[in-house]
Amino acid sequence: MPAAPLVRWAAVTAALASVALPVCVAGSSAGRPAEEERPAFFVRPLGHQSHGDAEGRYAPLSMLVAPSVGVLSNTTAAEGVPPALAGGARYVERSHVLRLLSGRWRYLPAGRTASVVVAPEDPTARLQIAESRAWLAAGRVPGSSTTRRAAAERALLAMRALLRPNGAMAAGWSPGWMYSWPRDSSFASAAFAHTGHDAEAYRILRYSAATQREDGTWEARTELDGSGPPDSRRWQLDANGWVPWATWQWYRTAPPATRLARLTALYPMIRKAADRATASLGADGLPPASPDYWEVTTTTTNIGTAAPLLAGLNAATDLAGELDRPQDAARWSGAAGRLSAGISRRFAPLGYQRTVDGQHGRDSAVAFMAPPFNTAPADLPRALDSTYRALLLPNGGLTPGNDPTAPWGANAWTPSTSFFALAWAATGNAAKAGPVLDWVLAKRNPLGELPEKVDRAGRPSSVAPLAWTGSIVVLTLVALDGGALTAPPLRP
C-alpha cells in the first residue's frame with residue numbers, strides 16, 4: 001500500500017511524547033503505527049519488560065497512514081474506506097454499499113477485489129444489499145431499542161466483513177490491524193455463536209486449530225492467510241484460555257445434531273491448549289509472567305493472563321465431559337482449582353489489580369473475572385466499581401489501566417470500556433451496564449462503525465471498525481436481552 005501523507009498532528013504529538021514506536025511503512029508487514037495509528041493494545045510502557053516488540057523498520061513521522069473508518073466487503077474480499085472517501089457518505093441500511101455524498105453508490109462486487117462506483121439503485125448492488133440483509137435475518141440481532149439494534153447490525157456486518165473465508169479474523173482493515181489475533185478472534189466467534197451465525201463461529205475455531213503451534217500455544221497474531229506471524233512479537237499465553245472458552249460458548253449454542261461431531265474435530269486443539277495451560281502453573285497455582293492484551297510482558301503474573309486461563313481450563317473441563325474424557329476432565333479441573341485458589345490468594349486482596357506485586361495499578365482485565373468468562377467471586381462487584389472509577393477519563397470512557405509508567409494518554413479505549421458493560425450485563429446489573437454501553441455506541445463514527453479509541457475531545461479515533469469492540473458490544477446486547485451468557489462452571 002503506498003504511503004500516505006501525514007494526516008493527524010495529534011498522532012505525531014503523542015508519538016513524540018512517548019517512547020519510540022514503529023510506524024506503518026509501505027511494504028513493511030512488520031511496521032506498526034504510532035500512538036493514534038498503532039495496532040490494538042500495542043504499547044511499550046516504561047518499567048515493563050517486553051520482548052519481540054522492537055523488530056521491523058522505523059519510518060519518518062511523515063509516513064504515517066490514516067486508518068480506515070469503514071469497510072466494504074463482498075464476504076470474500078474487503079476494502080477499507082479511507083477518511084477522505086467517508087466525508088458525507090453513509091452505508092445503505094444494513095449493507096456494505098456506501099452511498100456517497102454525490103448520491104452515487106460505491107461497493108465491492110462479488111468476485112472483485114476493488115470497489116466500483118455505480119448509479120444509485122444499481123441492480124447488482126441491490127443484490128448485495130439483499131444478501132447482507134438476508135444474512136442478518138438468518139441470525140438474531142440483539143438490542144432493545146432502535147439505536148442498539150442498528151449498532152448491533154452494523155457491528156455484525158463489520159465482523160462478517162473482517163472474517164476471511166479461511167476463518168482468519170482481521171482485527172481491522174488497515175495496515176497494522178490486518179492480522180488475526182487469537183484473542184480478538186475468540187470474542188468474535190462467541191459473538192457470532194450467540195447471534196445464530198454458527199458457520200462463522202465454527203470457521204474461526206477451525207482457523208485457531210489450524211494455526212495452533214505444536215506446543216499448544218499460539219502466536220500473538222498471524223498473517224490472514226495463516227502462513228504465520230508477521231514479526232517476532234512474543235506469543236501470549238492468554239490465548240490458551242480464550243480459545244477453549246470460545247469453543248465452549250460455540251458448543252452451547254451450536255445445532256445439537258452436529259455439534260458433538262464438530263467438537264470432536266476441535267478436541268485435539270483443546271487438549272493441547274489445556275495441557276499447556278496446566279503445565280504453566282507454578283507452585284502458587286498461577287501462570288508465569290506473560291504478555292497479555294496490553295501486548296507487553298510484566299515482571300510478575302498479570303490478571304489479564306490468569307483470568308482467561310481460568311476460563312479456558314473450566315471450559316476445557318466441561319467439554320471433556322461432553323466427550324466422555326474423564327481423565328482429561330479431572331486433570332484440567334484440578335488445574336482450574338489450583339489457579340482459582342491462586343487468584344483468590346494473590347489477586348483478590350489487591351482488588352484484582354494488574355499484577356500480583358501490586359506495582360502496576362488497576363487494569364480493565366478485572367472484568368475477565370466476571371461472566372461470561374468466569375463465575376464472579378463474591379468480592380468482584382466492589383473491584384469492578386473501584387476499578388471503573390480509577391480508569392474513568394474526563395471524556396467518559398476508560399483507559400486500559402492506570403499504571404503510571406504506561407503512556408496511554410487521554411484516549412479512551414472502546415474495548416476496555418466495553419468490558420465493564422459486558423461484565424455488568426452478564427451479572428444482571430443492567431442499570432450499570434446500560435449507560436456504559438450507550439456511551440460506547442454514541443462514539444460510533446459517522447458511518448456507524450465502532451472505533452478503537454475515543455480522543456480527549458470525545459471524538460472517534462484510530463481504526464474503525466474494530467472487530468474486538470464489535471464483538472464485546474454484541475455480547476453485551478445479548479446479555480441485556482436476557483440471553484444465556486454464562487461462564488464455564490468451576491468444577492469441584
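**Helix packing and aromatic pairs in a predicted model**

I'll start with helix α4, residues 146–162, and α5: the two pack at an angle of about 125°, and their axes are 11 Å apart. That makes α4 oblique to α5. The crossing of these two helices, α4 and α5, is left-handed. On the α4 side the contact is made by L156, M159 and R160, and on the α5 side by A188, A191 and F192. Sorted by class, the residues of this contact between α4 and α5 are five nonpolar, no polar and one charged.

Before I go on, please keep in mind that this is a predicted model. The numbers I quote are computed from it.

Some background on the whole chain. The protein has 14 helices and nine strands. Of its 492 residues, 62% count as buried. If you take contacts between residues at least 6 apart in sequence, 67% of them join residues at least 24 apart.

Back to helix packing. Two packed helices are described by the angle between their axes and by the distance between those axes. I have two further pairs to show.

The next pair again involves α5, which covers residues 182–194, now with helix α7, residues 239–253. Their axes come within 9 Å and cross at roughly 10°. So α5 is roughly parallel to α7. Which residues of α5 and α7 make the contact? From α5 they are P182, R183, S186, F187, S189, A190, A193 and H194. From α7 they are A239, W242, V243, W245, A246, Q249, W250, R252 and T253. By class, the contact of α5 with α7 has ten nonpolar, five polar and two charged residues.

The other pair is helix α12, residues 414–426, with helix α14, residues 467–480. Here the angle is about 15° and the axes are 9 Å apart. The two helices, α12 and α14, are therefore roughly parallel to each other. As for handedness, α12 passes α14 in a left-handed crossing. On α12, the residues that meet α14 are T414, P415, S418, F419, A421, L422, A425 and A426. Their partners on α14 are W468, T469, I472, V473, L475, T476, A479 and L480. Counted by class, the contact of α12 with α14 has twelve nonpolar, four polar and no charged residues.

Now the aromatic side chains. With ring centres within 6.5 Å as the cut-off, the count comes to 25 aromatic pairs. One of them is Y267 with W332, a tilted pair at 6.1 Å centre to centre, with 50° between the planes. This pair links distant parts of the chain, since Y267 sits in helix α8, residues 256–280, and W332 in helix α10, residues 326–346. The two residues, Y267 and W332, are 65 residues apart. Are Y267 and W332 buried or exposed? Both are buried.

There is also a cluster. Ring pairs link F187, W242, W245, Y293, W294, F368, F373, W408, W413, F419 and W468. F187 is in the α5 part of the contact with α7, and W242 and W245 are in the α7 part. F419 belongs to the α12 side of the contact with α14, and W468 to the α14 side.

Last, some backbone points in two loops.

First, the loop between α10 and α11, where α11 is 380–391. P372 is found in this loop, and a cis peptide bond joins P371 and P372, with omega at about 10°. Y352 is placed in the loop between α10 and α11 as well. Y352 has a positive phi of about 55°, although it is not a glycine. The relative accessibility of Y352 is 2%, under the 20% cut-off, so Y352 counts as buried.

Second, the loop between β9, residues 460–461, and α14, where P465 is placed. A cis peptide bond joins A464 and P465, and omega there is about -5°. S462 lies in the loop between β9 and α14 too. The phi of S462 is positive, about 65°, and S462 is not a glycine. With a relative accessible area of 3%, S462 is buried.

Note on methods
Residues numbered from 1 in each chain as written. Predicted model: local features only at pLDDT ≥ 70, side-chain atom pairs only at ≥ 80, totals over all residues. Heavy atoms only, no water. Axes fitted to C-alpha atoms, helices over the stretch in contact; angles between N-to-C directions. Helix = DSSP H or I, 4+ residues; strand = E, 2+ residues; numbered from the N terminus. Parallel < 35°, antiparallel > 145°, perpendicular 65-115°, else oblique. Left-handed = near helix turned anticlockwise from the far one by under 90°. Contact = heavy atoms within 4.5 Å. Nonpolar A, V, L, I, M, F, W, Y, C, P; charged D, E, K, R; others polar. Phe/Tyr/Trp six-rings, centres within 6.5 Å; stacked < 30°, edge-to-face > 60°. Buried < 20%, exposed > 50% of the residue type's maximum accessible area, 1.4 Å probe, protein only.
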